[in-house]
Amino acid sequence: MLPFVQYVAVNSLLRTMPVISVKSPGFLTTIQDLGRSGCAHLGVSASGPADSVALRLGNLLVGNDENTPALELTLVGGAFEFESNTVVAITGSDFEPTCGGQTVPLWTSFLVRAGDRLEFGATKSGARCYMCVRGGIECPRVLGSASTHVLTGIGGLNGRALQRGDLLKIEAVRSESDFVPRLVSAEILKRIMRSGPLRITRGPQASYFTDEAHSTLSSSPYVVSEESNRMGLRLTGPLLKRTRKKEMITEGVSLGAIQVPQNGQPIILFVEHQTTGGYPKIANVISADLHRVGQLRPRDEVRFETVAIDTARSLLREQEALIHPHSLQPV
Amino acid sequence: MREPQFIRASDHSVLVPFGEEIALEHHESVVRLATALLADPKPFIKNIHPAYSSVLVSFDAARTAHAEVEDYIVGVIKKLSARPMPTSREVEVPVCYGGEFGLDLPDVAQHNGLSVNEVTEIHSSAAYKVYFLGFSPGFPYMGGMSERIATPRLPRPRTHVPAGSVAIGGAQTGIYPLSSPGGWRIIGRTPLRLFNPAANPPTLLQMGDVVRFREIGREEYDRLSAADLQTST
């Protein structure tokens, strides 16, 4: 409990700054920017958004830098009340958002009026959506980033997911008077949100596995287990057998690595992944498909397709060219 | 230092291997390369993951290709020859072995045909080299454990290992600084805090340190635990 004088001071400060009040936090809502690179040698992985494409386009839609802190909502959204006029964009999966009871479109910037409430339901498509506000969510940087690392409890709002009653301030308030609604065209979205197998490249221990394991991985469906989170997605499906019984020496692991413990069931290492690991890695999801991993829900089915590293790089460069203000158009 | 055979681990990373076993010679190569890369950060390099005998370098794949990163690393390695190894610190880590803090201690004993006390004695009598920090924030991978207590990892990793847990994975031993999932066999727990993002440096241990474990009872664990909480808040 704050002393009375301090309480009044904080309260009046909040009144002069635009605030978003968390009326209901949803299942797992965290503050994310593009993540905390450069700390892997301390054992700290980057964290950041599960779907970085959605976060980056959301920030561009409201006129922010791509790396501006925003909210990542997971499976079931929450309710947020705005104290002042704010430019907002919601990207990623469809959580059926409404503003003042009216449906609001995804991938489109719009104006939320002072006193309005943005409400989200349960997802109708993938695992996550992003709520980006013009100016960004105010948040201290821990080791250089605002991103919440849920499993280690650092970054974001005290290293945790949002709770009812949290007050979020807007970092760099800008007038909404010049606001022109924009959207990401359907054609661009179709190119980014492709369906079909996740593309993979061969992992550093690909040779530890039998030929059969490789053909199984690229031909059989796997199911995302309930025990999946931002650290990793555990998959269940046909066993991936090794030719080599010897345990390997622990080494650095990459975002999107598909490691296979002794039980033969693959795990995709994700944004809050361990920085090193001792399980062999049969493959690695390509960079251009990592955002699609962020939209997988428990019980979703995934398939894999092996591509060459050069192909993976071209696909990433094609995708990067789309994440640009020129992909946005007036409504 | 010889020029390594690069392994392209993914479309955005390259593994620089120095050997296939845990050896001080490889550790020195890892420390030299990782230290040099960290001392002169380049915008196209995103992360450096030092490990026992390799360094994984991840990079901005949208703007950089493997060949450019590999050429850069070769250039750095060529200039390393005269770099001295930093002197190592000695750090004592108190551990309360077994019981509720070391659920897998009986399994480790049984696997190696030893008593629980023999495992504790062997584990706490050696000096351990911190080869690198990895896995989770501040987690020290240490070498120097006796083969007599080596035990394979769990077939299926646990989803929750408590902070401070001291564990054995294969021929390696380590300490979990934070609660996290993990597949190593847990034999005890330390009351010390290994990771504090507000501190500089944020980790208790550093690459190259020498660690000695000291067996403590539950009373001393509780006392040290309370003291550590006070100094860190």
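**Entry 1: a term, then strand β2 of chain B**

I count a residue as buried if 20 or more other C-beta atoms lie within 10 Å of its own, with C-beta atoms placed from the backbone. The model I am reading is predicted.

With that cut-off I looked up β2(B), residues 13-17. Ser13(B), Leu15(B) and Pro17(B) point one way from the strand, Val14(B) and Val16(B) point the other way, and all are buried. I therefore noted β2(B) as mostly covered, with five of its five residues past the 20-atom cut-off.

**Entry 2: the partners of β2(B)**

Which strands pair with β2(B)? I found β1(B), antiparallel to β2(B) over two bridges, and β4(B), also antiparallel to β2(B), joined to it by five bridges.

On the β1(B) side, the link is a hairpin through two residues. There I saw Ser10(B) standing opposite Ser13(B). On the β4(B) side, I looked up Val14(B) and found Val57(B) as its bridge partner.

**Entry 3: Ala61 of chain B**

I went on to Ala61(B), which lies in the loop between β4 and α2 of chain B. Is Ala61(B) buried or exposed? I counted 24 other C-beta atoms within 10 Å of Ala61(B), so the residue is buried.

Next I listed what Ala61(B) touches, leaving out residues up to four places away in sequence. In chain B these are Asp11(B) and His12(B). In chain A they are Ser287(A), Arg313(A) and Leu316(A). I also took one distance: Ile45(B) is 16 residues from Ala61(B) in sequence, and their C-alpha atoms are 9.4 Å apart in space.

**Entry 4: where the two chains meet**

I found 51 residues of chain B in contact with 42 residues of chain A. On the side of chain B that touches chain A, β1, β2, α1, β3, β4 and β11 of chain B each supply at least two residues. The most comes from β3(B), with five residues. By kind, I noted 27 nonpolar residues on this side of chain B, along with 17 polar and seven charged.

**Entry 5: helix α3 of chain B**

I turned to α3(B), residues 105-112, and found Leu105(B), Val108(B) and Ala109(B) buried. Why do I place them on the same side of α3(B)? They cover an arc of only 100 degrees around the axis, and that puts them on the same side.

What covers these buried residues includes β5, α4, β9 and β12 of chain B. After the helix I came to Gly113(B), and its phi is positive, near 65 degrees.

**Entry 6: chain A as a whole**

For chain A I looked up overall figures. Chain A has six helices and 23 strands. Its C-alpha atoms fill a box of roughly 65 × 50 × 30 Å along the principal axes. A compact globule of 331 residues would have a radius of gyration near 20 Å, and chain A has 21 Å, so I noted agreement. Of the 331 residues, 52% count as buried. Among contacts in chain A between residues at least 6 apart in sequence, I found that 78% join residues at least 24 apart.

**Entry 7: confidence scores**

Last, I wrote down the scores of the prediction. The model has ipTM 0.92 and pTM 0.88.

Methods:
Residues are numbered from 1 along each chain as its sequence is written. Chains are lettered from A and ligands numbered from 1 in the order in which they are written. This is a predicted model: local features need pLDDT of at least 70, side-chain atom pairs count only at pLDDT 80 or more; totals for chains, interfaces and linings use all residues. Two residues are in contact if their C-beta atoms, placed from the backbone, lie within 7 Å. Helices (H or I, at least four residues) and strands (E, at least two) are DSSP runs, numbered from the N terminus. Ala, Val, Leu, Ile, Met, Phe, Trp, Tyr, Cys and Pro count as nonpolar, Asp, Glu, Lys and Arg as charged, and the others, Gly among them, as polar. A residue is buried if 20 or more other C-beta atoms lie within 10 Å of its own, exposed if 12 or fewer, and partly exposed in between; C-beta atoms are placed from the backbone. The arc is that of the directions from the helix axis to the C-beta atoms. Two strands pair if DSSP finds at least two bridges between them. The radius of gyration is taken over C-alpha atoms; the globule rule is 2.2 Å times the number of residues to the power 0.38.
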